[in-house]
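Please open the model in your viewer, with residue selection to hand. The stops below say what to select next and what is to be found there.

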Amino acid sequence: SFGVIWAWILSTTLLPSLIIIKNWNLDSKTFSQDSFIEKIVKTLSQIVTGSPKKMLIGSFLVVAISFIGIWFVKVEVNVIKFFKEETNIRKSTDFIDDKMNGSMSLIVQAEGDFTQLENIQSLDSLQTYINENFTDVRRSMSYSNVLKEIMRKDQLSYEGTVDSDSLYRLPDDQAHLRELFDFTINPSFKDTVEFNNKIASLIDVSPQNYKQKALLLHQMKTVSTQEASDIANQINNKIESTNSQVKFSVTGLLIFLKEFVSMVVESALTSIIVSILIIALIMFIFFRKIHWSILSVVPLLTAVILNFGIMGLIGVELSHLTALLTSIIIGVGVDFSIHYISDYRNKIKNNIPVSRRNLETSQDVGYPIMLDVASNLGFVALLFSAIIPLNYMGALMVFAMISTSFGALIILSSILELMKERIVN
């Protein structure tokens, strides 16, 4: 907002002053001959005003095809996925995923009475389900693992047998579980401190919650947002289908990504809807006509549909960075429509013939609009960034300028040409 206000001040004070001070050579080619962009604008204006119905139908067809692509837009908010594979951040993360236990966490909090064997079995059952059904999970730890280790140590201390996986299991019944609890507090047992520390890290041992809350910890490879959402949904479905006295809740970075998706989508939709409504209201206040208010948001809607539709069709992912494109589209699109409508209304006030109003408006306003589009090609420089969403931003910014000018110079112009006999002020 500050930038817009400051640009307005400079445009109405400094710029006119500089134009007046400079001595212009009115005989130069700049004034006597049309530039390349001006020739394009004149040709386009003649085509639109000559065949407005065909141009409007063709434009709506393009917008309709793009609208289909909106349903294919994927959301990616995992920051690691933002970096190209050759960057150090991505390489180090891939190393941790491939050679170690992974860099992403999945945590399940469980609430229940974990002095009861059946509740511990429920915890162990969920842990087994996660380990067996999700290959990206590299390592897990829970209260049941500690008890299994105590069970194995207990049997080895009494039987003297060779360590075996068959001994790594939960107690057979409640009585046996009680023996294990007594086993861990035996001061003569050399691993007492070690096991008690493990239990303390996985169980809330505060007096009011003793053995009521436990954690199920998983380390896993970095996955995409879509995969994170799918994993979280499957685990939640498994929890809901399990008949257990233990209350499970899934958290960790995996759930953060899942929840962040809905936040990004909701914020993008909210900003689009609210800003378009506010702009329509402002246009109504200034132009005092509902039809100008509606027409002013046509290029905006066109640009939003085209940009997000193309993102879905070519596979560009929506993130909290590319979602910023929404505000850019609206900021650019509203300028173009306001310029066009304001100039068209001035033509009406100056009694320009109905047959020439739209053509002259398109030629007068079309040149600065196309020049603005060309000047913003500098955003292509973002394609060289190491951050992938910024690459997308560079390409989408250029396309946003094209789509907003398309909405103003073709769709809005075609509508005004078809309605020129009805619009009198």
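**Confidence first**

Colour the chain by pLDDT, the predictor's confidence in each residue, from 0 to 100: among the elements of the protein, helix 10 (residues 192-202) has the lowest mean value, 55, while helix 2 (residues 14-21) has the highest, 90. Helices here are DSSP runs of H or I with at least four residues, and strands are runs of E with at least two, numbered from the N terminus. Over the protein the mean pLDDT is 78, and 86% of the residues reach 70 or more.

This is a predicted model, in which local features need pLDDT of at least 70 and side-chain atom pairs count only at pLDDT 80 or more, whereas totals for chains, interfaces and linings use all residues. Residues are numbered from 1 along each chain as its sequence is written, and side-chain values use heavy atoms, with hydrogens and water left out.

**The nonpolar cores**

Next select Trp-292, Leu-295, Leu-318 and Leu-416, which touch the most other members of the largest nonpolar core, a set of 48 residues. Such a core consists of buried Ala, Val, Leu, Ile, Met, Phe, Trp, Tyr and Cys residues joined through side-chain atoms within 4.5 Å; buried means under 20% relative accessible area, exposed over 50%, and partly exposed in between (1.4 Å probe, protein chains only). At least two residues of this core come from each of helix 5 (52-69), helix 12, helix 13, helix 14 (298-314), helix 15 (325-349), helix 16 (354-375) and helix 17 (388-418). Helix 17 gives the most, with 11 residues.

Centre the view on Leu-295 and show its contacts (heavy atoms within 4.5 Å): leaving aside residues up to four places away in sequence, Leu-295 touches Ile-341, Leu-412, Ile-415, Leu-416 and Ile-423. A second, separate core has 34 residues, among them Val-108, Leu-177, Ile-235 and Val-250.

Switch to a surface view and select Val-274, Ile-278, Leu-281, Ile-282, Phe-284, Ile-285, Phe-286, Ile-290 and Ile-294, which make a nonpolar surface patch of about 870 Å². Patches are made of residues with over 30% relative accessible area and no salt bridge, like charges being joined within 9 Å and nonpolar side chains (Val, Leu, Ile, Met, Phe, Trp, Tyr) within 5 Å; the areas come from the Shrake-Rupley method with a 1.4 Å probe, and for residues only the protein chains shown count as cover. Helix 12 (253-287) and helix 13 (290-296) each supply at least two residues of the patch, and helix 12 gives the most, with seven. Leu-281 is one of the patch residues and lies in helix 12.

**Salt bridges**

Side chains of opposite charge can pair when their charged atoms come close. With a salt bridge taken as a side-chain nitrogen of Lys or Arg within 4 Å of a carboxyl oxygen of Asp or Glu, the count comes to four.

Select Lys-148 and Asp-124, whose side chains meet in a salt bridge at 2.7 Å, N to O. This pair links distant parts of the chain, with Lys-148 in helix 8 (residues 143-159) and Asp-124 in helix 7 (residues 117-133), 24 residues apart. Are these two residues buried or exposed? Both Lys-148 and Asp-124 are buried.

Move to helix 15, where Lys-347 and Asp-343 lie four residues apart, about one turn of the helix, and where their side chains form a salt bridge at 2.6 Å, N to O. Lys-347 is buried, with a relative accessible area of 8%, and Asp-343 also counts as buried, at 18%.

Arg-356 counts as partly exposed, at 39% relative accessibility.

**Loops to finish**

Most residues other than glycine have a negative phi. Select Arg-288, in the loop between helix 12 and helix 13, which has a positive phi of about 65° although it is not a glycine; Arg-288 counts as exposed, at 64% relative accessibility. Then select Asn-351, in the loop between helix 15 and helix 16, where phi is positive at about 60°, again in a residue that is not a glycine. Asn-351 is exposed at 65% relative accessibility.
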